[in-house]
Amino acid sequence: MIYNTAMADIAQFDYYIGIDIGGTRTRVGRFSKDCKLEEKEVIETIRYKKSPEFLLEEIAKKILGLKKPNSEFAIGISAPGPCDTKLGIVKNPPNLPGWGEVRVSEFFKNKFDTYVSLENDANAAAFAEYKIGSGKGYKNMVYFTLSTGIGGGIIINGKIYRGFMDSAGEFGHQIVLPNGPKCRCGSKGCLEAVSSGYAISRDAISKALVRKSGILYEIYKKNGTINASDVFLASSQGDDISWKILNKAITYMGIGISNVITVLSPECVVLGGGLTNQDYIIEEIRNFAATHVKMAPINKIKIVKSSLGDDSSLYGSVLNTVDSF
Ligand SMILES: [Zn+2]
C-alpha cells in the first residue's frame, strides 16, 4: 500500500482523480496526466448527510465509474477546514455539520490502494488560481471566497502557506466589528458574520420581519426565507433597505480585504465565490482598497475575479497532489 510520496513516484500515475467535498455539492473529476479535467460527476452532499461514510461510499462509486482500466491513478481531495493535511483528517468542519473527525485519506487509500492527499478547500482553490487561473504567475497571492461563508488561502513564493497546525488563511474570521453578530466559529463580529451571503440573508430576514412590508417581506412570505441573491435583486429594483444591507456588507468586505493586503502585500488578490457574480462588488472592493491601503503598493496590486469558478477547489485538489511529489 502506498502511503506517502517517499514510497510513490509521480511517473507511475497515468491520470488523477480529484474530489472536492463541499457543504452543498461534492465534485469528483478525472484529470489527465497534465491535469486537464476530462470528466466530472456532481453529488448533492445534503442527500448523504446521515453520516460521512454514506457520502464517502457514494464518492467511491463515482470513482469506479470514472476509472480507466489497467492504469494507475493518484487521488487528490479538497475538503472544508479545519483539516490535518499530513494525516488526511477532516476535523469538525462547520460546513459539514455532524462530521466530527473523519479520516478521509485513509478511507480512499483502503478502497483504492493508491497515493492520496488532502488539502483545505480554500487553500486548494488558491493554489489552482495560482497555477492555472487568474493568479497565474503571481508567486505571492491571496484568494478570497466570498460566498455563504468567507474563506481564504495564501500562496507565498508559489507554495500554500498553511501556518501552525494548518490554520492560516481563515480571512473570514478576522474580527472587523467588536461585539458584532455571533459567528459560526464561536466568536463575534468576524468578517463572515457581517459580510457573507449568510449574513446578508440573516439581516434581510430580520429587517423584513420588523417592517412587515416592502419587497423583502414579500419575498419572505412567498419563500419562507430570503437569499443573498434576492437582496441583490431587490436592491437593483430600488429597494432602499436592501441597498443599505448590501452597502454595509460590502464596506466590511473592503475592510477585511484591505487588512489582508496591508499584512501580506500580495502581488494579486483573487476573489471567488457566488457573491463575486455581482461585478460591482469587485469594483467596490478595488475602490475601498485604493482609498484605504497606504503601506502596501496598492496601485500595483491586482484585484481580480476567479477564472476557475466553482471548479477551483477540484482543480486545486489535483494540482496540490502533483505538487506534493
Ligand atoms: Zn468567525
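## Salt bridges within helices

E218 pairs with K221 in a salt bridge (a side-chain nitrogen of Lys or Arg within 4 Å of a carboxyl oxygen of Asp or Glu), their closest N and O atoms being 3.8 Å apart. The model is predicted, with pLDDT of at least 70 required for local features and 80 or more for side-chain atom pairs, while totals for chains, interfaces and linings use all residues. Residues are numbered from 1 along each chain as its sequence is written, and side-chain values use heavy atoms, with hydrogens and water left out.

Both E218 and K221 belong to helix α6 (residues 215-223), 3 residues apart, about one turn of the helix; helices (H or I, at least four residues) and strands (E, at least two) are DSSP runs numbered from the N terminus. E218 is partly exposed at 44% relative accessibility, whereas K221 is exposed at 54% (buried is under 20% relative accessible area, exposed over 50%, partly exposed in between, with a 1.4 Å probe and protein chains only). In helix α1, K61 and E58 are likewise 3 residues apart, and their salt bridge has its closest N and O atoms 3.5 Å apart. Here K61 is exposed, at 55%, and E58 is buried, at 13%.

The salt bridge between E41 and K62 has its closest N and O atoms 4.0 Å apart. Because E41 lies in strand β3 and K62 in helix α1, this pair ties together parts that are 21 residues apart in sequence. Both partners are partly exposed, E41 with a relative accessible area of 30% and K62 with 22%. The count of salt bridges comes to 22.

## Domains and their interface

An automatic or database domain assignment supplies the domain bounds: domain 1 covers 5-127 + 311-323 and domain 2 covers 134-307. Their centres, taken over C-alpha atoms, are 27 Å apart. To the contact (heavy atoms within 4.5 Å), domain 1 gives 16 residues and domain 2 gives 14 residues.

About 1,200 Å² is buried between the two domains, 46% of it from carbon and sulfur atoms; this buried area is the accessible area (1.4 Å probe) that two parts lose on being put together, summed over both. Between the domains there are 2 salt bridges. R162 and E119 form a salt bridge through their side chains, at 2.4 Å from N to O. On the side of domain 1 that touches domain 2, α3 provides the largest share, 5 residues.
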